[in-house]
Amino acid sequence: MQNDPYKVLGVKPGASEEEIKKAFKALAKKYHPDLNQGNKAAEEKFKEINEAYRQLMNKGTSNQQSSQEGFGGFGGFEDIFNFGNFSDIFKNFGFDFGFEERGADLTAELTLTVEELFTLKNKEIKVMRSVQCAKCSGTGASEREVCKVCGGTGRVRRTSRHFNSTFVSMEECSACHGKGYITVKKCDACNGRGRINVEEIVRVPINSNLISGSYIVLEGKGDAGPSGYGNLNVFIKVVGDDKFSVEDGNIVTKLHLDIRDMVAGCYLEIEAPYGLEKINLRKGETGPIILNGKGLMKKNGRRGSFIIHLIPDFPEIGKKELAELEKILGNRKEPYLSSK
């Protein structure tokens with residue numbers, strides 16, 4: 001390794017700390033192993049600039065030594081924040097909260113009729129998702145060997161001292177990218193991805209309290225990731241059918257009646273989305289009949305209504321039948337308005 005650290009970093013002797021850091025960052029980005037995989041010359045250059053940076057920042061004193069195992073990180077406390085993403089900040093301090101470890105979340109839409117909402121316990125939908133490759137158990141390798149840099153742990157330790165404080169952190173090994181092994185031969189089933197795409201039938205739980213426009217989270221039913229599965233967010237849409245329609249949280253239907261039932265009144269047992277409903281049809285009632293609290297669940301936590309419009313079934317009558325009807329009804333009454 002070249003002895004003059006100033007020449008290695010391309011700075012003049014007596015350069016300020018900021019100039020040294022700036023030069024180091026530029027070279028570290030250029031020769032980082034993650035960006036030069038398989039390039040041994042870049043790997044050696046990266047080691048060289050790390051050592052040069054260590055020498056200049058430590059100023060030759062042993063009690064201020066900053067060392068790094070592996071090639072995954074950078075010297076300097078602030079470098080933690082300038083390289084990588086948000087999750088790297090925590091990982092560099094030895095805390096791994098699982099950021100970016102599980103797979104991506106997926107979304108799907110489930111359309112339910114009013115009757116399905118009240119009667120089904122679950123409904124199946126088809127989802128295209130990635131799952132762990134069974135042939136290689138998600139490793140992506142049919143042949144592999146233990147990473148020599150991290151010894152199979154997937155992590156490397158870095159100790160640094162700045163501003164009279166010592167920092168010890170664990171970082172992802174850049175040689176194996178945290179896997180702990182190096183792929184010798186790719187798995188032919190997944191082409192080295194460790195995951196394959198499949199169309200899977202997923203069972204979604206149903207209950208009558210679901211709100212159209214809301215969603216159900218099915219944990220672990222999303223895409224596969226390095227350390228777990230994402231979630232599947234199933235958006236619910238409630239629609240009408242040939243018996244019931246949906247209007248702003250209300251369930252609406254039309255009840256077609258024989259005119260004699262409307263004239264005389266009667267007790268009826270009719271079909272509702274949730275079962276049978278008994279209603280008392282009063283003499284001459286024209287509707288609508290509104291059953292509060294028996295509709296769909298709303299966002300305000302209350303249920304809408306079950307609204308029944310009464311539709312009289314008028315028979316086809318001729319002049320003879322009309323004359324007979326006039327005898328029953330008596331003299332014709334003129335239309336009139338009333339507030340009661």
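Ile317 sits in the loop between strand S18 (306-313) and helix H8 (319-329). Helices (H or I, at least four residues) and strands (E, at least two) are DSSP runs, numbered from the N terminus. The model is predicted: local features need pLDDT of at least 70, side-chain atom pairs count only at pLDDT 80 or more, and totals for chains, interfaces and linings use all residues. Residues are numbered from 1 along each chain as its sequence is written, and side-chain values use heavy atoms, with hydrogens and water left out.

Ile317 has 44% relative accessibility, so Ile317 counts as partly exposed. Buried means under 20% relative accessible area, exposed over 50%, and partly exposed in between (1.4 Å probe, protein chains only).

Now to a sheet. Three strands form an open sheet in the order S2-S12-S9, and the pairing is mixed. Strand S2 (106-113) and strand S9 (215-218) are the edges; each has a single partner strand, so one side of each lacks a neighbour in the sheet. From one strand to the next, the twist averages 25 degrees. Strands of a sheet pair through backbone hydrogen bonds, either parallel or antiparallel.

S9 pairs with strand S12 (residues 232-239) in the antiparallel sense, over four bridges. Two strands count as paired if DSSP finds at least two bridges between them. Leu218 lies opposite Leu232 in S12, and Val217 lies opposite Asn233 in S12. Side chains alternate along S9.

How values were computed:
Axes are lines fitted to C-alpha atoms, for helices over the stretch in contact, and angles run from 0 to 180 degrees between N-to-C directions.
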